[in-house]
Amino acid sequence: MPGKLKAKIVAGRHLPVMDRASDLTDAFVEVKFGNVTFKTDVYPKSLNPQWNSEWFKFEVDDEDLQDEPLQITVLDHDTYSANDAIGKVYIDIDPLLCSEAATVISGWLPIYDTIHGIRGEINVLVKVDLFNDLNRFRQSSCGVKFFCTTSIPRCYRAVMIHGFVEELVVNEDPEYQWIDRIRTPRASNEARQRLIFLMSGELQRKIGLKVLEMGGNAVVGYLQCFDLEGESGLVVRAIGTACTLEKISTLPATATLPSNSSPSKDIKEPVFGEEGPGVPLSSGPPTPLRAQTFSSFSPSKSYSRQSSSSDTELSLTPKTGMGSGGSAGKEAGPLKALLRQQTQSALEQREYPFFTLTSFPPGFLLHLGGVVSARSVKLLDRIHNPDEPETRDAWWEEIRQEIKSHTKALGCHAVVGYSESTSICEEVCILSASGTAAILSSRFMQDGPLETDHRLSRQPLVFSTGSERVDGDMGSTASLGFEEMVPPGCEFCHIPYDELNIPFPAQLTYCCCCRRYKVPDVLFTTIDLPTEANITGKGCLIQARLCRTKKKAQGEGNAMAISNLLPFLEYELHTQLMNKLKLRGMNALFGLRIQISVGETMLLGLASATGVYLTALPSPGGIQVSGKTPSDITYEQHISNMQKKINDTIAKNKEVYEINPPEVVEEIIGSPIPEPRQRSRLFRSHSESSDEVSEIDLSHGKKDAFVLEIDDTDAVEDIHALLTDSPTPAGFYSCNTEIMPGIQNWTSAIQMFTSVRVFRLNNVNLTNQGLNKVFSDLCENLLKSLYFKLRSLVPCCLCHLNFTVAIPEDELIQVAVTAVAMSFDKELTLENGKQSGDKSLKKENDEQLQFNLELNAEMSSSNLSSPKGLTEVGSHPSAKASSLEKASPLPEGRSRSLRSNRSYSGSSVAVVRMTPLSFIPGAKIIKYLGIINMFFIRETTSLKEEGGVSGFLHTFIAEVFAMVRAHVAALGGNAVVSYSMKECVFMENPNKNQAQCLINVSGDAVIFVRESEVEAASVHPQSAATQTSNGEGT
Amino acid sequence: MSVELDVFVGNTTIMDKEVYQLWLNGYTVNDAVTLRIEGGVMEECEVLLSDTMDQYRTFQMCERLLHHPAKLANQLLFQIPPDRQAMLIERYYAFDDLFVREVLGKKLSKGTKKDLDDVSSKTGVMLKSCRRQFDNFKRVFKVVEELKGPLVENIRQHFLLPDQLARDYAAIVFFANNRFETGKKKLLYLTFQDFAFCAGQLINNWTLGAVDNMMEDMDVDLDKEFLQDLKDLKILITDKDLLDQHKSLVCTALRGKTNVLNEMEANFKNLSRGLVNIAAKLINAKDVRDFFIDLVEKFIEPCRSDKWTSVDVNLYLTHYTNSAHILDTFKHHSVWTRYMGVIKSCILKMYHE
C-alpha cells in the first residue's frame, strides 16, 4: 500500500441553478478514485455551498496513483428523480508524486461539463502521502519529473543526458464502441475524457520506468500526442529525452516568495530507488531489465495491410532485423569523419540517438548537419489487441530507422530537435518524423557531473550578438588566440561530413568567422538558435505554403496516390522556403517545422521556420529571373520589372532586418563541386517510395537554383507568392523559435493567445494555383489580424508562432495558431547598468502590484476556508451571494480617477501567465510544479444559441485557458511555460445545430519571481542581474 | 469561399476601449466596422471585421458577469487586469444624461421599457443602448431596494462603481422610488446633474438614514416623522404677526446689499407662502412627486421674472432662513434648518439665470 491519497471538498461557488422552482441548487459531491467513491452531504438550497467535508482517504498503489485521475463530480440532489450531474473536475495528481514538485493541490477549480461548459467552481484540497517503495521490479515510476520544455529547465542543471525515450498505448475509442449508440453524448464524452486521462497516466508511468532503467530522473522535451484513428482506435504516444537533472540551489530563500512555494529544497532529493545523480548508467551493458523493456518494440512483423508496394518492403528489409536495443550497436557503422570516439560509442549504445530538445547547454552541440525527415503513408486497421500495440510501434520503428540512416549519411551521429507527428484522414495516416542531424559533445553523456559553470561561458556571447560589426574581429582573435577554449560561435556551422565525400552536392566555403573550417552556404535546422551563435541583424518568420488537389480514392489506391504526391509537395515547399530565405537576404533557418495534412481531395503543406543571417555562413546570392523567349520586348520589360521588384525587396528586407554583414572577400575554396550550385540540407524520403526517390536531389537539379524561369507557370506563381507576402508592420517582428534572434531587452509584458480559423472552399473546381493562393491568403490574413490585435504591445515580437493546419472535412481548411507576443525596449543599449537600474525600478512597481494581488487571493481564500469566514457567510442568509464578495477586502476610497494599487486589490483571482516559451522575460523560474496535460471535449446541440461555430469555439478555448490557469494556481504556481495546444479537432453539423470540439493542451506549471526581487535578495545584485538577464536573452 | 469560423482568445483578454464603446452604444458589427474605418485605425475591412466580431463576442460573454460586477473579479473564465475590469464596469454602467433625463422619476417597469423606442428616437441614443441603460437602472434599483445602510455606499460596493457614478445611480434610484415628476415642460430646462445634486441633498438630509445613523431603514424613503413635523412650519404664514416680523427682519438685513430689494419686499409674502406650503404638503406622497415643479412654480419663476441674480437668491434665502430663528414665537428651529438647508441648495442649483 504505497500511497494514501487524501481529498477534502471545501466549498462551491457560482453554481448553476438546477431547481427552477426555487432558483437554487441542492448540491453534493462525489469523489472518486479508481473504484472507490466517497460522497459529501447535500448542502441544500444554495449556489455557493459550503461542504467543508472531512478528509476522504484512498489507500492505493502508486501505479494507480500515476494512472488514474482523481474524479470529482458535483451533483444536484433530487428527492424524486435521479440526481442531475452539474459537472466534473479531473485532477491529475501526478505533480504530487514527485517530491520536488507541488506538495498540495488547493484552490478553486472550474466544474466542467462537456455539454454546458464551465458551471461554477469548487474549492478542493488534495494531498498524497507516499511510502517509500524499494521494490526493484515495481511497475510505477513515481518521482520521475516530466517537462514539456525542450531545453534543460531553468532551475536545473543537466548532469547527464541519456537520450531518447518513447512509448505508445492504444485502446478502442469509446466514441466508436457499440454502446455509444445507446448512451448520451455526455456519457460518451466523459468516457472518452476519462480514457484519455488514464492512457496518458499509463503512458507517463511507462516512460518513467524506462527513464529509471536508463538511470535518469527526468524527461525533458516530453511530447505526448493523440491519434484519433476513428474506427481503428485511439493511440496515445509520447517521446522525450531522458536526463539526470540536478537542482541548482543558488537561490536564497527570500521572504518575498509566494507562500505556497516552500523555500528551496536540498539539491539532492531522495528520488525513490537506486539512481542518484552520480551513478552513471546509460553506457553500461544492457541489463536484463533493460532488454525486457525494449522488447516492447518487437521487430516489426510483416504487416499485410501496409500500403507499400513490394519493392518498398525490400527497401525496408534491413530494418526488420533491427529493433531490439541489443542490435543497435551492430547496426551503427563506423563514422568516418568523426573524431570523438567516446561520444560515438556512447551514442551507439542507444537504440536511437535522438533528442527532443531544441536548445542545449553551451558546448553540447558541436556541429549541425541539416534537417533529416522521413514520412510514411499507412492504412489504418483496427487495433485488435490493445495490450500489444505492435503495428503502431513497428511503423514508428521504421521511420526512426530511416531518420537514423539519413543522419549517418550526413556524417552525424545524433538527431536533435526531434519530433514526430501524424495526419489522419479516414483510414489513411501519414506518419512524419523530423529532426536535425548533429554531432554532440560527450560532456553530458559521460559519467560524472559536468563541472563547468556554463553561465560564465555564455556571458561574452550576448555582447557579440549585439554588435554585428565586431563579429569578424571577434572571430579572428578567437581563432588566433584560444580557439580550443572558446568557440567563436561558429563551430556548430562547420560541416560534420567529409568534404570529399559529401552526401549531396553542396557549395562549401571557409567559415566567415574563423576561416579555418568549411561551412555550407545555407543551413536548415529544426532546433532553436544556439545561444553561442553569431548572427547578423534580426530574424523573421518564413513560411512556405502549399495546397495540392488529389483525387478521391479509397484504401490502397488512396495511400499510393498520397505517397506519390508527397515528394513533389516537399520539393516545392523546400523551393519556396529557399526563395523566401534568399528574398530576405538570410542564410539559415531554425525551428523548421513541416506539416503535411491530408484530406479527402487535397494535401496541405505548411513549412514554418525562423530565418536568420548566420555570420559564419556566406552571404546569400540574389534571385535572378530569366525568360526563355527573349525576342519579345514587352516580355523582356516584364521580366526586368520583376527582377527589379525582387532586387528592391531584397534590399528593403536587408534594411528591415538590419542585415549588413561585414564585407568579405568572396573566396570559394576548393569545393569539389565545380559548378556553383545552391544546395539544400534537407534530406527527406518516403518509406513507401523506392530508394531512388529518397535520394532525390532537392536542389534544383540542373538549372541554377535561383534563376527562376518565367516561362514556367509554376515559377510565375512562385514569384507571385514571393512578392505577395505582405511585410510585417512596423514595430513587429515574428519568429517560430523560442526567441527572436537579435532582440534581447524584453519587457515583462507578454500576451499568449490562440487563434483558430476555418475556411470553406465553396468552389470545388479549384486549380492547384487557386488553392495555393487561397491557403496562402488565409495564413497571411491571419497574421495580419494578429498584428492588428496586438498593436498595443508594439514594439513587440510574436514568438513561437506555431501554425497547425488541418482539413477537418472536405472543402474545409483549419488553421490554428498559438504564440506569445512579447514587447521589448526599443533602445538596444548595451550599458547594462543603467538599463537594468531603470528597468528594475519599473518592474518593482509592477511586481508590487502583482504581489498584492496574490496576497489578496490568499487572504480571501483563507477567509473562506477558515471557520470564521464560514460563519460569517452563514449569518446573512438573505445576502448570501454578496457575502462572498464581502469577504474579500474591498477598497474604500475608490473614485473615478483612482486606478492605482487600491483598486487593484478588488481582484481575488491570482494572475497566471501562460507562454509557449520555456521562460518568462524579466523573471526567474524558481520551481517546476509538474506537467499539465489536459484533454477536454465540448459538445453542443444548440450551436446557434451559443453564437454559432465561432461563439462555441471562442467560449471553449477561453474555458480551456481558464481550467489550465486554475489547475496551475491550485498547484501553487503562477505561470505555465512551454504551453502548447497540441490538438484542436473541430467538427460541426450546422444542419443539426450541433458541433463538437476536442482540445488537448500541455505545459509546465511553474513558480516564478521577478528578477527585481531576486536581485534585492541576493548579495551581489549587479552580478546576479547580468547573469540572469543573459539567461533570459538566450 | 468564406471564413467559416474565426476566433482569437488571449490569456489576458484583449479588449479595445473604442470597440467596447461602439458596442455599448448599440452599433451593429457592420456599423462599427464602418465607423472604425472612418476613424482611421486601419483600412482593411476584413481585418477590422474579424477583430470587431471577436471583441463583440467577448463583450457578449462578459455581459452576464457585468450584471454582477463583483463576479467579474472572482470569475475564472476571463483573465482581465483589475484596471481593465474597472474600466469595463464603469463604462457598462455609464449612461447618457439625455437618456436618463427622459426616464428620471418614472417607474422602472415593463411599461416604461416598452416606450424606450420613443425615448430612443427622441434622444438619438440607440435603442439597444437605451435598453442596457434602463436595465442597469432597474438592476441597481432591485438590489439596493432590499439592502440596509447608506444608499451610495451600497451601490458602490455591489456594483464596484466609482464614487461619482454611484452617486448618480443613487439619485436615479431615489427618483424612481419617490416618482418625482421631472418631465413637465417647466422642468425641461433642468439637466440630470441638477436633479442628481438635489437628490443627493434630499438623501443626505431628509431620509431616515440621514438622522438615524443608517441603522434601520434605508436611504430611499423620506423620513416620515420629519415630513410630519414640517406641518408645524405653517405657523410662519398663518400667524400674521410672525409673517410681518419675518419680512421686516429679512428686508432690514438685505438693505443695501441688492438691486432688487423692492421686488423682494413686494414678493416676500408670496414666496414665503410658497415655500412653507411646499413643506406642509410633503406628507402626501402625491405632493412629494410635485416637489420640483412646486419649487419652480412657487419660487424660481417669480424670482426669475423679477430678474434676480443667483447672488440675490442666495442672499435672500440665507437671510430668510436665518431670520426665522430670531422670531421669538417660532419654536421649530431644527426642522426649519433641516428643511431650508436642502431647499436653499436645491433652489440655487435649479436657478439658471
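Salt bridges and burial in a predicted model

Q: Why is Glu102(B) called partly exposed?
A: In this predicted model, Glu102(B) has a relative accessibility of 21%. Buried means under 20% and exposed over 50%, so Glu102(B) counts as partly exposed.

Q: What makes the contact of Lys122(B) and Glu102(B) a salt bridge?
A: The N to O distance between their side chains is 3.1 Å. The cut-off is within 4 Å, so the pair qualifies. Lys122(B) belongs to helix α8 and Glu102(B) to helix α6 of chain B, so the bridge ties together parts 20 residues apart in sequence.

Q: Is Lys122(B) buried or exposed, and how do you know?
A: Its relative accessible area is 61%. Exposed means over 50%, so Lys122(B) is exposed.

Q: Why do Glu229(A) and Arg392(A) count as a salt bridge?
A: Their side chains meet at 2.5 Å, N to O, and the limit is within 4 Å. Glu229(A) sits in the loop between β11 and β12 of chain A, and Arg392(A) in helix α8 of chain A, so the pair joins parts that are 163 residues apart in sequence.

Q: Why are Glu229(A) and Arg392(A) called buried?
A: The relative accessible area is 5% for Glu229(A) and 3% for Arg392(A). Buried means under 20%, so both residues are buried.

Q: What makes Lys538(A) buried and Glu658(A) partly exposed?
A: Lys538(A) has 6% relative accessibility, which falls under 20%. Glu658(A) has 30%, between the 20% and 50% cut-offs. These two residues form a salt bridge, with the closest N and O atoms 2.9 Å apart.

Conventions: Residues numbered from 1 in each chain as written. Chains lettered and ligands numbered in written order. Predicted model: local features only at pLDDT ≥ 70, side-chain atom pairs only at ≥ 80, totals over all residues. Heavy atoms only, no water. Helix = DSSP H or I, 4+ residues; strand = E, 2+ residues; numbered from the N terminus. Buried < 20%, exposed > 50% of the residue type's maximum accessible area, 1.4 Å probe, protein only.
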